[in-house]
Amino acid sequence: MSDENNTPSRSATARSWLREHSELGVCVLLLALGVLVLTDALTMSVDITQRGPVGPRTVPVAVGIGLLAVAVLLAVDVLRGGRGEAEGGEDVDLGEPADRRTVALLTGVFLAFAVLIGPLGFPISGALLFWGSAYALGSRHHDRDPLIAAGLSLVTYFVFDNLLGVPLPGGPLMGVL
């Protein structure tokens, strides 16, 4: 506050305005991400044989345009006085410390998946990933969880490998699946 006439200083007013319009930071981030995606998509080298109605540039260009559109629409909404509402359904006490055990277990499960996917293949390491994640997040159904994890892993492997044509390592089950 400046001493003259008890009016706020220009820098205090600018900080107050920025604090009230903090969502503009998200707009800048979305705008930068949209420009990056469009730049990458439009400078991508495309072989003549890959061209067609839907080529490798189509989805990145659509995503980039979508990011730019959302950035502009959000900026207009914020500048017109729109404000995001706090989550009413979240039951999070920000005064409590983070659950480090859960974070450590999930980190271990993801690292184990990354190490084991080569030698064991996706179906087995994926099942361990799904079961380990369920366990880390609190599920204690020791009879049901491994079966669901194995089924989910096999379905995921089948969809990616056979239907989408994205080869995943099969590991020791390569000849069986």
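**Close-ups of a predicted helical model**

**View 1. Where helices α4 and α5 meet.** On the α4 side of this contact sit Phe122, Pro123, Gly126, Ala127, Phe130, Trp131 and Ala134, and they meet Asp145, Pro146, Ala149, Ala150, Leu152, Ser153, Leu154, Thr156 and Tyr157 from α5. Sorted by class, that makes 12 nonpolar, 3 polar and 1 charged residues. Keep in mind that what you're looking at is a predicted model.

**View 2. How α4 and α5 cross.** Two packed helices can be described by the angle between their axes and the distance between the axes. Here, the axes of α4 (residues 100-136) and α5 come within 8 Å and cross at roughly 135°. That angle is why α4 counts as oblique to α5. As for handedness, α4 goes past α5 in a right-handed crossing.

**View 3. A look at serine 153.** You'll find serine 153 in helix α5, which covers residues 145-163. Is serine 153 buried or exposed? Its relative accessibility is 0%, so serine 153 counts as buried. Leaving aside residues up to four places away in sequence, serine 153 touches Phe122, Pro123, Gly126, Ala127 and Phe130.

**View 4. Glycine 126, across the contact.** Glycine 126 belongs to helix α4. With a relative accessible area of 0%, glycine 126 is buried too. If you skip residues up to four places away in sequence, glycine 126 touches Phe113 and Ser153. How far apart are glycine 126 and leucine 154 in space? C-alpha to C-alpha, the two are 8.3 Å apart, although 28 residues separate them in sequence.

**View 5. Helices α2 and α3 side by side.** This one shows α2 (residues 24-42) with α3 (residues 58-79), whose axes come within 8 Å and cross at roughly 160°. The two helices are therefore roughly antiparallel to each other. Their contact has 23 nonpolar, 2 polar and no charged residues. The crossing of α2 past α3 is left-handed.

View 6. An unreviewed UniProt entry places the feature "transmembrane region" at residues 24-46, 58-76, 109-134 and 146-164. What does the model show over residues 24-46? That span is 83% helix and 0% strand, and its end C-alpha atoms lie 35 Å apart. For residues 146-164 the chain is 95% helix and 0% strand, with 26 Å between the end C-alpha atoms.

Note on methods. Residues are numbered from 1 along each chain as its sequence is written. This is a predicted model: local features need pLDDT of at least 70, side-chain atom pairs count only at pLDDT 80 or more; totals for chains, interfaces and linings use all residues. Side-chain values use heavy atoms; hydrogens and water are left out. Helices (H or I, at least four residues) and strands (E, at least two) are DSSP runs, numbered from the N terminus. Buried means under 20% relative accessible area, exposed over 50%, partly exposed in between (1.4 Å probe, protein chains only). Contact means heavy atoms within 4.5 Å. UniProt positions are given in the numbering used here, feature names are shortened, and annotations may be inferred rather than shown by experiment. Axes are lines fitted to C-alpha atoms, for helices over the stretch in contact, and angles run from 0 to 180 degrees between N-to-C directions. Angles under 35 degrees count as roughly parallel, over 145 as roughly antiparallel, 65 to 115 as roughly perpendicular and the rest as oblique. A crossing is left-handed if the near helix is turned anticlockwise from the far one by less than a right angle, and right-handed if clockwise. Ala, Val, Leu, Ile, Met, Phe, Trp, Tyr, Cys and Pro count as nonpolar, Asp, Glu, Lys and Arg as charged, and the others, Gly among them, as polar.
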